[in-house]
Amino acid sequence: MLKNVVAVVLEEVHPFELGVACEVFGLDRTADGLPGYDFAIAGAHPGPHATHSGFAVDVPYGPERLAGADLAVVTASAVREQYPQPLLEALRGVVAGGGRVLSICSGAFVLGAAGLLDGRRSTTHWRHSDELAARFPETVVEADVLYVDDDPVITSAGTAAGIDACLHLVRKVQGAEVAREIARRMVVAPHREGGQAQFVNRPLPEGDGDSLAPLLDWMRHHLDREATVERLAARAHMSPRTFARRFQQETGTTPHRWLVGQRVLLAQRLLESTTESVDAIAARCGFGNAAALRHHFGRRLGTTPLAYRRCFADSC
């Protein structure tokens, strides 16, 4: 069920992140055959809320509006030491009542203060990831991803990653076609590849300014090929040790993890858009066999290829 949606704000409100929730869930697209949402904005109290851009947002509801919500989208705000207890209780009530919570950027700190990240994986903007991990040690912070779905809690990275997380949830609950149509209206990709690592400001290694971008592009287009560090290093004209270090610096991960992630993404697209067998998809993606695909698919997404296809295939 995804009908009653509440965007949660706190001062200082970040307008873009609030706008993401409004754009995905607050527009009436029923004339286009898309689902409609009972959308509202709520805060710790009704009334004007200052933004960090110098204007105010008039918030019509307090925490009571979260009662019975299917989804609470906690938008970004200034990180603080304490958060209003009635709002935290209301967020806990959403989850206890069978609903979901989704945070955008620093909204993850609100979920952490509510205890909703304990025992779960999470993420936030890369600039805040160390602080989130320090303040809430019971969560495993994944700093190199755009969003984490640890149902019923979804956390996303900074700014535009909130779009990715919201569209992911729409796709999960209401199907790939609904998510694609909303994305089309918003003029954004329905699913972005990659993670936060590509946006982190990392110093380039001294003495060699060559980028791995051409090699990464080649790897994306040849995922079906065996790719050892030695072979990739030779293609990049580097020693394996230098290549591994450079790869970590440019992508924030290892060649193996990067390849597995790209192969899983390709498998997702093929499961959604084709009727090919799991064995055929495993071969196209470079996994070799269906067992290997199921293993990595399960570790990354927490489901099986066939279950994913049933949920997200174009024919759904």
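Mentor: Happy to! Keep in mind that this is a predicted model. Its largest nonpolar core has 37 residues, and those with the most contacts inside it are Leu2, Phe25, Leu71, Val73, Leu102, Val170 and Ile182. Two or more residues each are given to this core by strand 1 (4-9), helix 1 (15-25), strand 4 (56-59), strand 5 (71-74), strand 6 (100-104), helix 5 and helix 6. Helix 5 supplies the largest share, seven residues.

Let's zoom in on Leu102. Leaving aside residues up to four places away in sequence, Leu102 touches Leu71, Ala72, Val73 and Val74, together with Ile154, Ala165, Cys166 and Leu169. There is also a second, separate core of 29 residues, which includes Val260, Leu270, Val278 and Tyr308.

Tyr308 takes us on to helix 13 (residues 305-312), where Tyr308 is buried along with Pro305, Ala307, Arg309 and Phe312. The buried residues of helix 13 pack against five helices you can pick out on screen: helix 5 (161-174), helix 6 (176-186), helix 10 (255-273), helix 11 (278-285) and helix 12 (290-301).

Within helix 10, have a look at Gln268. With a relative accessible area of 8%, Gln268 falls under the 20% cut-off, so it counts as buried. Beyond residues up to four places away in sequence, Gln268 touches Arg171, Phe297, Leu301 and Tyr308.

Methods
Residues are numbered from 1 along each chain as its sequence is written. This is a predicted model: local features need pLDDT of at least 70, side-chain atom pairs count only at pLDDT 80 or more; totals for chains, interfaces and linings use all residues. Side-chain values use heavy atoms; hydrogens and water are left out. Buried means under 20% relative accessible area, exposed over 50%, partly exposed in between (1.4 Å probe, protein chains only). Helices (H or I, at least four residues) and strands (E, at least two) are DSSP runs, numbered from the N terminus. Contact means heavy atoms within 4.5 Å. A nonpolar core is a set of buried Ala, Val, Leu, Ile, Met, Phe, Trp, Tyr and Cys residues joined through side-chain atoms within 4.5 Å.
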